[in-house]
Amino acid sequence: MAGSLVRKVIMAAKAPKPAAGSPYNQAVSFNNIVFLSGVLGVDENMKLVPGGVCPQARQALTTIGHILEEAGTSYENIIKSTIMLDDINDFSGVNEVYKEFFCKDFPARSTFQVGKLPMGASVEIEVIAAIIDKCAK
């Protein structure tokens, strides 16, 4: 086998940590791909931001940016995103917030209404991104 496989846990200081004892990480990179766990719209105190789905989506996407930065990548390298909504009727509002972070060359995306989200959240977002070697650009 040429080369070795590299798996690395990503933990961004600017992003909320998993609750004590929770069996997951903010993200895990494997070779040149980073897989982020689902991100809720919570502040540094692990409280949902007020105002409903749009502020929560904005906070989740901001937190995703911090995790991507720690992993050595950015929004422009997101390959796939998955949005989970408490209510599919919030789709258009979340879409408007999403456009604040993605304006061209959009990633592939799936959006679902789910039965219930942790902490009573309105939205949870997860992404998969490439880690591009800056020298290769």
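Strand β5 (residues 78–85) runs parallel to strand β6 (residues 108–113), and six bridges tie the two together; strands count as paired here if DSSP finds at least two bridges between them. Helices (H or I, at least four residues) and strands (E, at least two) are DSSP runs, numbered from the N terminus. The model is a predicted one, with local features needing pLDDT of at least 70, side-chain atom pairs counting only at pLDDT 80 or more, and totals for chains, interfaces and linings using all residues. Residues are numbered from 1 along each chain as its sequence is written, and side-chain values use heavy atoms, with hydrogens and water left out.

Within this pairing, Leu85 has Gln113 of β6 as its bridge partner. To get from β5 to β6, the chain passes through helix α2 (residues 91–101), giving a right-handed β-α-β crossover. Right-handed is meant in this sense: with the strands pointing away from the viewer, the path from the first strand over the helix to the second runs clockwise.

Ser81 sits in strand β5. With a relative accessibility of 1%, Ser81 is buried (buried is under 20% relative accessible area, exposed over 50%, partly exposed in between, using a 1.4 Å probe and protein chains only). Its side chain makes a polar contact of 2.8 Å with that of Tyr98. Such a contact is a pair of N or O atoms within 3.5 Å; within protein, one must be able to donate a hydrogen and the other to accept it, and residues adjacent in sequence count only if both atoms are side-chain atoms. Beyond its neighbours within four places in sequence, Ser81 touches Tyr98, Ala108, Arg109, Ser110, Glu126 and Val127, where contact means heavy atoms within 4.5 Å.

Turning to charged pairs, the structure has two salt bridges, defined as a side-chain nitrogen of Lys or Arg within 4 Å of a carboxyl oxygen of Asp or Glu. One of them joins Glu100 and Arg58, whose closest N and O atoms are 2.8 Å apart. This pair connects distant parts of the chain, since Glu100 belongs to helix α2 and Arg58 to helix α1 (residues 53–71), 42 residues apart. Glu100 is partly exposed at 49% relative accessible area, and Arg58 is likewise partly exposed, at 33%.

The salt bridge between Lys99 and Glu96 has an N to O distance of 3.0 Å. Both residues are in helix α2, three residues apart, or about one turn of the helix. Lys99 is partly exposed, with 44% relative accessibility, and Glu96 is partly exposed too, with 48%.
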